[in-house]
Amino acid sequence: MWLLGIESSCDETGVALVHAPAGERVPTLVADALHTQAAMHEAYGGVVPELASRDHVRRVLPLIREVMSKANQSLNDIDVVAFTRGPGLAGALLVGAGTACALAASLGKPVMGIHHLEGHLLSPFLSADPPEFPFVALLVSGGHTQLMRVAGVGHYELLGETIDDAAGEAFDKSAKLLGLGYPGGPALSALAARGRGDAFALPRPLLHQPNLDFSFAGLKTAVLTQCQKLGDDLPAHQADLAASTQAAIVEVLVKKSLKALKQTGLQRLVVAGGVGANRLLRAELQAACHKLGARVHYPEAALCTDNGAMIAMAAAMRLQSGVQTAQADYAFDVLPRWALDNILTH
Ligand code: KG4
Ligand code: ZN
């Protein structure tokens with residue numbers, strides 16, 4: 001079975017073709033293509049929803065053509081068209097949903113609306129070393145920071161989440177305070193490589209609480225206070241402050257992930273979402289899990305941030321496990337505030 005995936009929930013248009021041969025445990029990624037709007041939104045310091053929607057309109061068809069040509073397949077070979085139904089920006093989601101439904105209708109093939117976070121959760125199955133169920137998932141993106149117990153496709157139990165800012169937001173907001181532009185996560189971590197992580201004592205909220213919740217809003221305030229204190233001296237200390245910020249975020253993520261493994265008695269940790277591309281986080285989780293005798297799985301670095309492959313992959317796995325069927329109903333709707341709980345299988 002061939003599945004086309006279309007992701008357009010925020011500022012990346014992603015398209016991919018996944019092949020799910022009958023009887024194989026894990027579907028394979030055949031071709032993908034991505035356009036990121038980061039440069040377009042940079043001037044505004046964040047995503048401008050109307051500009052995002054218009055750009056998805058411009059990009060989505062050329063990207064579909066590119067994927068089909070890379071895969072050397074024709075549109076008629078597609079069996080299912082999957083798209084991100086939510087959560088995300090309403091106008092942006094509508095572009096992907098509308099394109100997916102129009103394409104599927106013209107081909108006489110069914111569609112599947114996929115939850116964006118489930119796409120991230122299952123994206124490590126696209127790696128050369130896919131995990132086995134059950135596992136603990138650390139989902140760290142620009143909008144979410146959650147620890148989940150994943151028993152199988154559609155069986156997700158929330159163990160803890162952020163009570164305010166997401167980890168990616170903490171990276172982005174701190175980077176903005178440091179004058180690093182948008183999106184700040186990759187820029188901040190690149191700068192941090194030249195600084196000392198223990199140069200500034202920044203807060204690690206909720207670190208010693210017994211629960212698995214996170215809080216990052218206080219960190220941003222602490223970074224702001226340091227920036228104000230440093231004043232004109234900020235440039236000389238910028239790398240140290242970036243490294244200290246990264247160290248604070250990473251320490252909290254690592255310690256809470258380990259706590260989740262201990263609490264659930266599970267031996268596998270899966271990291272997904274944009275912040276999963278962070279090198280320090282990867283290295284520290286690897287070391288900490290190794291000590292515990294646990295294994296950590298990541299998606300390929302390029303598939304940590306938003307992409308079409310994870311959407312096609314989630315659709316393939318939902319079909320294979322029988323938790324969802326593809327529908328020939330093209331009256332699409334999108335769910336900008338779709339809670340992951342609503343797709344759980346009991
Ligand atoms: O999953 P994603 O692409 O989009 C959302 O669904 O939010 O995640 C984007 C987030 C942004 O906050 C970005 O700054 C962060 O992931 N990010 C990073 C790195 N690469 C992306 N944060 C820290 N270090 C990185 N290397
Ligand atoms: Zn995402």
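Which protein donors hold positions around the zinc ion (ligand 2), and how far from it do they lie? The legends below begin with that site.

**View 1. The zinc ion (ligand 2) and its protein donors.** H116 (NE2), H120 (NE2) and D306 (OD) are the protein donors, lying 2.1 Å from the zinc ion. Donors are N, O and S atoms within 2.8 Å of the metal (3.2 Å for Na, K and Ca); water is not among the atoms, so sites may look incomplete. Along the chain the donors follow the spacing H-x3-H-x185-D. H116 sits in helix α4, and D306 in the loop between β10 (295-297) and α10 (309-321). The pair is 190 residues apart and links distant parts of the chain. Helices (H or I, at least four residues) and strands (E, at least two) are DSSP runs, numbered from the N terminus. The structure is a predicted model: local features need pLDDT of at least 70, side-chain atom pairs count only at pLDDT 80 or more, and totals for chains, interfaces and linings use all residues. Residues are numbered from 1 along each chain as written, chains are lettered from A and ligands numbered from 1 in written order, and side-chain values use heavy atoms, without hydrogens and water.

**View 2. The shell around ligand 1.** Of its 18 residues, G142, D172, G185, G274 and N278 come nearest. A residue is near a molecule if one of its heavy atoms lies within 4 Å of it. By class, the shell has four nonpolar, twelve polar and two charged residues. Here Ala, Val, Leu, Ile, Met, Phe, Trp, Tyr, Cys and Pro count as nonpolar, Asp, Glu, Lys and Arg as charged, and the others, Gly among them, as polar. Helices α4 (116-122), α5 (167-177) and α6 (184-192) each supply at least two shell residues.

**View 3. Backbone atoms beside oxygen atoms of ligand 1.** A polar backbone atom of G274 is 3.0 Å from an oxygen atom of the ligand. For a backbone N or O atom of D306, the distance to a ligand oxygen is 3.1 Å.

**View 4. Two cis peptide bonds.** The bond from F133 to P134 is cis, with omega near -5°. P134 lies in the loop between α4 and β6 (135-140). The bond from Y182 to P183 is also cis, with omega near -10°. P183 lies in the loop between α5 and α6.

Notes
A polar contact is a pair of N or O atoms within 3.5 Å; within protein, one must be able to donate a hydrogen and the other to accept it, and residues adjacent in sequence count only if both atoms are side-chain atoms.
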